[in-house]
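Thanks for coming. I have one structure to go through today, and I will keep to what can be read from its atoms.

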Amino acid sequence: MNFRTGPGTGYTSKGLLYRGDWGKKLATKGSWIKLRLGQKSRTGLPKNSTGWIAKRLAYDCVPMQLD
C-alpha cells in the first residue's frame, strides 16, 4: 500500500509498505491512519518515518501498536 504525506490519495506517496512492515498508530482522520514505522520498511523507508495509510487496507497488511 502507499505510504502518503497526508490523509488522501491526492497526497504524494513516500513509498510502499508491504505485509510485515509495522508501526505505531499516531492519529486517524476519516478513513486514514497516521503511522510511525517501527523498523526500516521492506522498500527502504527509514525507521520512525511518519506517513498516512488507508484504513481499509491497514489492518490486513500492517501490524500496528494501537496504544
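First, the ground rules. What you see is a predicted model, so local features are reported at pLDDT of at least 70 and side-chain atom pairs at pLDDT 80 or more, while totals for chains, interfaces and linings use all residues. Residues are numbered from 1 along each chain as its sequence is written, and side-chain values use heavy atoms, with hydrogens and water left out.

Now the layout. The protein has one helix and six strands; these are DSSP runs, H or I of at least four residues for helices and E of at least two for strands, numbered from the N terminus. Along the sequence the order is β-β-β-β-β-α-β.

How much of the protein is buried? Of its 67 residues, 36% count as buried, where buried means under 20% relative accessible area, exposed over 50%, and partly exposed in between, with a 1.4 Å probe and protein chains only. The accessible surface is about 4,000 Å², and carbon and sulfur atoms hold 49% of it; the areas come from the Shrake-Rupley method with a 1.4 Å probe, and for residues only the protein chains shown count as cover. Of the contacts between residues at least 6 apart in sequence, 45% join residues at least 24 apart, a contact being heavy atoms within 4.5 Å.

Next, the hairpin. Strand E3, residues 23-29, runs antiparallel to strand E4, residues 32-37, with six bridges between them; strands pair if DSSP finds at least two bridges. One of the bridge pairs joins Thr28 to Ile33 in E4. Two residues sit between the strands, and Gly30 in this hairpin has a positive phi near 60 degrees.

Ile33 turns up again in the core. Which residues make up the largest nonpolar core? There are nine: Met1, Phe3, Leu17, Ile33, Leu35, Leu37, Leu45, Ile53 and Ala58. E4 gives the most to this core, three residues. By nonpolar core I mean buried Ala, Val, Leu, Ile, Met, Phe, Trp, Tyr and Cys residues joined through side-chain atoms within 4.5 Å.

Back in E3, Gly23 is part of that strand and is buried, because its relative accessibility is 0%.

Now the loop between E4 and E5. Ser41 lies there, and it counts as buried because its relative accessibility is 6%. A polar atom of the Ser41 side chain lies 2.8 Å from the backbone nitrogen of Leu45, which is one of the core residues. Beyond its neighbours within four places in sequence, Ser41 contacts Leu16, Leu17 and Asp21.

Most residues other than glycine have a negative phi. Asn48 is not a glycine, yet its phi is positive, about 75 degrees. Asn48 is partly exposed, because its relative accessibility is 48%.

Last, Thr5. It lies in the loop between strand E1, 2-4, and strand E2, 13-16. Is Thr5 buried or partly exposed? Thr5 counts as partly exposed because its relative accessible area is 43%. Leaving out neighbours within four places in sequence, Thr5 contacts Tyr11, Thr12, Lys14 and Trp52. Thr5 and Lys34 are 29 residues apart in sequence, and their C-alpha atoms are 9.4 Å apart.

Methods: A polar contact is a pair of N or O atoms within 3.5 Å; within protein, one must be able to donate a hydrogen and the other to accept it, and residues adjacent in sequence count only if both atoms are side-chain atoms.
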